[in-house]
Amino acid sequence: MTPEEYERWMIRDCARCGRRASKSAEWSDGPICRTCYDRAMRVRGRCPCCDTDRLLPGRDTDGTPICRDCAGIVRDFFCDRCGFEGLLLGGRLCEHCTLADTLVRLLDDGTGRVAPAFLPLVKILLEMDRPKSRLIWLRNPNVVRLLQGLATGSIPLTHDSLHQETPWRTVTHLRDLLMDSAVLPQVDRQLLLYQRWLTERLATIEDPEHRQLLRHFATWHQMRRLRTKAEKGPLGRSQINHTKQ
């Protein structure tokens, strides 16, 4: 398809937002752009025309959301696996079923199933709102590498092991999820961030004797003191900054 043909056949003024863009659907109220299509897939409630509680992607003449049947939309939006009516992704599966399949693939321990230790993580991820945001996160190559490494055991499932992984923001978010799901034991977040900083800081010291001396001091003095304080209550940023200095 040439650019001219694409412009002629696919580009339209959206009937809902007025923006000129590639159409994703042609419904009773006119051509619908991708943004408005995705937004319509989030509208749920009781249809004012048939009094049915369901997805309301259509619009009546006043612009009120109505169900697909009352709007005359031919296409259906029911997941082929679970029957949920909503946004469909590849294979006509809803976001929830797609997320479940993605987690099985990434956390496969080599048996075709999720590694048992990570079942609680799968549970909380599936229970979260907006599964699409989780799917976007799971497309991050670093997230893929970390999850697959943890599931297969090439990355040990310990806090100390995660200290060595990068990038630190991705690791921090994943670690928070692992702690929230009790896959990893709870540790003060500021303490974990300090350990991450310490690993990176020590790596910049060229003198091996100097580096070893500072590592011993940080491990046996600073870390013990911070852990003791963390047992009494959450650490503050000022405490960590003072320790770094």
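Q: What makes Phe-77 count as buried or exposed?
A: In this predicted model, Phe-77 has a relative accessibility of 0%; buried means under 20% relative accessible area, so Phe-77 counts as buried.

Q: Why is the pair of Tyr-37 and Phe-77 called edge-to-face?
A: The ring centres of Tyr-37 and Phe-77 are 6.5 Å apart and their planes stand at 65°. Rings pair if their centres lie within 6.5 Å, and planes over 60 degrees apart count as edge-to-face, so this pair receives that name. Tyr-37 lies in helix H2 and Phe-77 in the loop between helix H3 (68–71) and H4, so the pair ties together parts that are 40 residues apart in sequence.

Q: How many aromatic pairs does the structure hold, and why is the pair of Trp-27 and Tyr-37 called tilted?
A: The structure holds three aromatic pairs. In the pair of Trp-27 and Tyr-37, the ring centres are 5.5 Å apart and the planes are at 40°; planes under 30 degrees apart count as stacked, over 60 as edge-to-face and the rest as tilted, so an angle of 40° makes this pair tilted. Because Trp-27 belongs to strand E2 (residues 20–27) and Tyr-37 to helix H2, the pair ties together parts that are 10 residues apart in sequence. Ring pairs link Trp-27, Tyr-37 and Phe-77 into a cluster.

Q: How do you know whether Trp-27 and Tyr-37 are buried or exposed?
A: The relative accessibility is 9% for Trp-27 and 3% for Tyr-37. Buried means under 20%, so Trp-27 counts as buried, and so does Tyr-37.

Q: What makes the contact between Glu-95 and Arg-42 a salt bridge?
A: The side chains of Glu-95 and Arg-42 meet with an N to O distance of 2.8 Å. The cut-off is a side-chain nitrogen of Lys or Arg within 4 Å of a carboxyl oxygen of Asp or Glu, so the pair qualifies as a salt bridge. This pair links distant parts of the chain, with Glu-95 in helix H4 (residues 95–106) and Arg-42 in the loop between helix H2 (34–40) and strand E4 (44–46), 53 residues apart. Glu-95 counts as buried at 8% relative accessibility, whereas Arg-42 counts as partly exposed at 30%.

Q: How do you know that Asp-13 and Arg-20 form a salt bridge?
A: The closest N and O atoms of Asp-13 and Arg-20 are 3.3 Å apart, and the limit is 4 Å, so the pair meets the definition. Asp-13 is partly exposed at 46% relative accessibility, and Arg-20 is partly exposed at 48%.

Q: What makes Lys-23 and Glu-26 a salt bridge, and why is Lys-23 called partly exposed?
A: The closest N and O atoms of Lys-23 and Glu-26 are 3.2 Å apart, and with a limit of 4 Å the pair therefore counts as a salt bridge. Lys-23 has a relative accessibility of 24%; buried means under 20% and exposed over 50%, with partly exposed in between, so Lys-23 counts as partly exposed. Glu-26, with a relative accessible area of 49%, is also partly exposed. A search of the whole structure finds 15 salt bridges, and Arg-54, Arg-68, Asp-69 and Glu-85 are linked in a network of salt bridges.

Q: Why is Met-1 called exposed?
A: Met-1 has a relative accessible area of 64%, and exposed means over 50%, so Met-1 is exposed.

Definitions and conventions:
Residues numbered from 1 in each chain as written. Predicted model: local features only at pLDDT ≥ 70, side-chain atom pairs only at ≥ 80, totals over all residues. Heavy atoms only, no water. Buried < 20%, exposed > 50% of the residue type's maximum accessible area, 1.4 Å probe, protein only. Helix = DSSP H or I, 4+ residues; strand = E, 2+ residues; numbered from the N terminus. Phe/Tyr/Trp six-rings, centres within 6.5 Å; stacked < 30°, edge-to-face > 60°.
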